[in-house]
Amino acid sequence: MTETAIVNGLTIIFISLGVIFSLVTALGLIRLPDVYTRSHASSKSATLGVLGILAGTFIYFWLAEGHMNSRLILAIIFLFVTSPLSGHLIGRSAYISGVQPTDLTEHDALKQVIAEKKRKQ
């Protein structure tokens, strides 16, 4: 197996995983019942989808073309840090704003914490 075939195989694997995670994100946004679960789908699996596509692109250009792009690494790190955090903050602000979770929710971990904060204020 030649080096080019290995690089192309790695690129295809990473980009395919990214596309699969992006497809899971789209299905989650359509099928999940409330803002909390949709936020989870959009932040976690979309992050993995974009990371897979960026990693595949980075591997291809670095190993096949001989061009190392540090901006792709910075984009991967930035997305890996900010996307799950923003999803968490969107869910928390929705909860504080009074958006009700679906009836399928079994445990509300924030209810007691928010009630204690409101009592202190």
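1. A quick word on terms: helices here are DSSP runs of H or I with at least four residues, numbered from the N terminus. Keep in mind that this is a predicted model, where local features need pLDDT of at least 70, side-chain atom pairs count only at pLDDT 80 or more, and totals for chains, interfaces and linings use all residues. Residues are numbered from 1 along each chain as its sequence is written, and side-chain values use heavy atoms, with hydrogens and water left out.

2. After helix 2 comes G66, with a positive phi near 75 degrees.

3. Now the packing. Helix 2 meets helix 3 (residues 70–97) at about 175 degrees, with 9 Å between their axes. Axes are lines fitted to C-alpha atoms over the stretch in contact, and angles run from 0 to 180 degrees between N-to-C directions. That makes the pair roughly antiparallel, a label for angles over 145 degrees.

4. The largest pocket holds about 450 Å³. A pocket is an open set of points on a 1 Å grid over the protein atoms alone, where a 1.4 Å probe fits, with protein on both sides within 12 Å along at least five of seven lines; lining residues have an atom within 4 Å of a point. Of its 18 lining residues, Y36, T37, G91, R92 and L110 are the closest to the centre of the largest pocket. Helix 2 gives the most to this lining, six residues.

5. The second largest pocket has about 180 Å³ of space. Its lining includes Y95, I96, D108 and K111. Helix 4 (110–120) and helix 3 each supply at least two residues of that lining, and the largest share, three residues, is from helix 4.

Conventions
Angles under 35 degrees count as roughly parallel, over 145 as roughly antiparallel, 65 to 115 as roughly perpendicular and the rest as oblique. Grid points are joined across faces, edges and corners, and a volume is the space filled by probe spheres set on the points.
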